[in-house]
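Here is a short note for someone opening this structure for the first time. Please read the points with the model in view.

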Amino acid sequence: MQYYYQNAWIADKGLKEGKLEVYNENFFKSLDDVELVWKVKKHSGTIDISGIAPQQRRQISDEALKQMLAKVLKHHAGEEIYVNFEFCSRQATDYVDKGQVLARQQFVVQPYQFPAIQPEQAQVETEQTKSYIKLAAGGTTLTVGKWSGMIDYLDVDGQPMLVDRQSITPEFWRAPTDNDYGAGFQHRLGVWKNPQIKLKECKADGNTVVSVFDMPDVKATLVMTYTLTAEGEVIVREQLKTDKEAKVSPLMRYGVQLQMPEEFSAVKYYGRGPVENYIDRNSSEFLGVYENKVANEYYSYVRPQESGNHTDVRWFRVVNAEGNGLEFYSNAPMEASALNFLTDDLDDGPSKDKKIDRHSGDLIERPLTQVHIQQRQMGLGCVNSWGAWPREEYMVPYKDYDFTFAIRPIK
């Protein structure tokens, strides 16, 4: 709300050439009391915007910005480059500090180049028994259970990356928010909370394992493909194939979840942050590289509920004190989060009113890090909290999905 209520705005009129437009949305005051600061990587500069009257616009051509962008783009070819603008107060007043940011915007001038994740055949060590398929390469050992069809164990240089007996599993549900309860999603979308997933086959072919599941509750087939590369990366492809004639409710989210040991207690990611954000509530959080403790990723709403998500993620790392752990990335923007709570810990079930006295302060952190890697999560809505759904473009409709992401060991 603070972001959209700000009273000064920038329009891109050719930023690579240093051209922009400033709009003073105020009705009764000029922009004489603020200065415009631009930031590109570690460089910054100021633009004089005094004299812009209320409700007026000014076209600006800034040579310093033009030259800096030319220099940065030349030396960082192929790298995402963005400009952050800040409207900062010139002087302190009774209610504003000198230099305080009163408005801000971000513009991408050179987009991120997402990698093409294409599994290739590679020589890996293979071990098969009646109960599992084990692949090993590049210091990574991947174990897929023949009875589960899931990644049951993932070890890097002998160190377990997963909590014992906790597999990487597909995920379609989130802990309902207050808005979700208001719209009755705990019932309307409830088929996705714990849908039956019946393994039909699990086969290995070289460095790839394919598991096929029947999901009768939602009239769909799920195909999980796991490929281990020679470098020790794991490529996961999650394909949901739906019945076009079926009438099934939308999903809460589409991706996977995994539990890492508690020593992996820090995150570092490139995406929107540092505050949690969702596809219909993310404009105020800018792209950047952020670090945090997993313990601080949960926002303590009065009631326990979904929390800690990040959108437009380029890569997401979960590491220990030595900086070792796992990095997750995809071939397109994804969403991710890491918490010390399981989804069930934050889910109040079919009726939150039956747990009227449950608050976030009552939660007890678990000795693990719950990681969510998803292609998409449903928006928050926020039109009202007593029945409104998120807008159609922010839903996760019942349809086919195809999500590919990679898991890279950080050593």
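1. Ground rules. This is a predicted model, in which local features need pLDDT of at least 70, side-chain atom pairs count only at pLDDT 80 or more, and totals for chains, interfaces and linings use all residues. Residues are numbered from 1 along each chain as its sequence is written, and side-chain values use heavy atoms, with hydrogens and water left out.

2. An open sheet. Four strands make it up, in the order β4-β3-β6-β7, and their pairing is antiparallel. Strands here are DSSP runs of E with at least two residues, helices are runs of H or I with at least four, and both are numbered from the N terminus. Two strands pair if DSSP finds at least two bridges between them. β4 (43-47) and β7 (101-110) are the edge strands, each pairing on one side only. From one strand to the next, the twist averages 20°.

3. Inside that sheet. β3 (residues 34-40) and β6 (residues 81-89) run antiparallel and are joined by six bridges. Take L36 as an example: its bridge partner in β6 is F87.

4. The helix on the sheet. Helix α2 (residues 63-75) lies across β3, β4, β6 and β7. It runs at about 15° to β3. Axes are lines fitted to C-alpha atoms, for helices over the stretch in contact (heavy atoms within 4.5 Å). Angles run from 0 to 180 degrees between N-to-C directions.

5. Is β19 (residues 266-273) mostly covered or mostly open? Mostly covered: seven of its eight residues are buried, meaning under 20% relative accessible area with a 1.4 Å probe and protein chains only. Strand β20 (residues 286-293) runs antiparallel to β19 and is joined to it by eight bridges. One of the links pairs R272 with L287 in β20. β19 also has five bridges to β21 (residues 310-319), again antiparallel. There, K268 has R317 as its bridge partner.

6. The largest pocket. Its volume is about 720 Å³. A pocket is an open set of points on a 1 Å grid over the protein atoms alone, with protein on both sides within 12 Å along at least five of seven lines; lining residues have an atom within 4 Å of a point. A volume is the space filled by probe spheres set on the points, which are joined across faces, edges and corners. The lining holds 25 residues, and the closest to the centre are M1, D280, R281, L380 and C382. α1 (2-5) and α3 (178-182) each supply at least two lining residues. α1 gives the most, with three.

7. The second largest pocket. It holds about 430 Å³ of space. Of its 20 lining residues, K41, Y82, N84, L287 and G288 are the closest to the centre. Elements giving two or more residues to this lining are β3, β6, β7 and β20.

8. The cavity. How many cavities of 30 Å³ or more are there? The count is one; a cavity is a set of points where a 1.4 Å probe fits but cannot get out. About 40 Å³ of space lies in the largest cavity. Its lining includes A175, R253, E306 and H372. β22 (325-339) and α5 (343-346) are the elements that give two or more residues to that lining.

Conventions
Buried means under 20% relative accessible area, exposed over 50%, partly exposed in between (1.4 Å probe, protein chains only).
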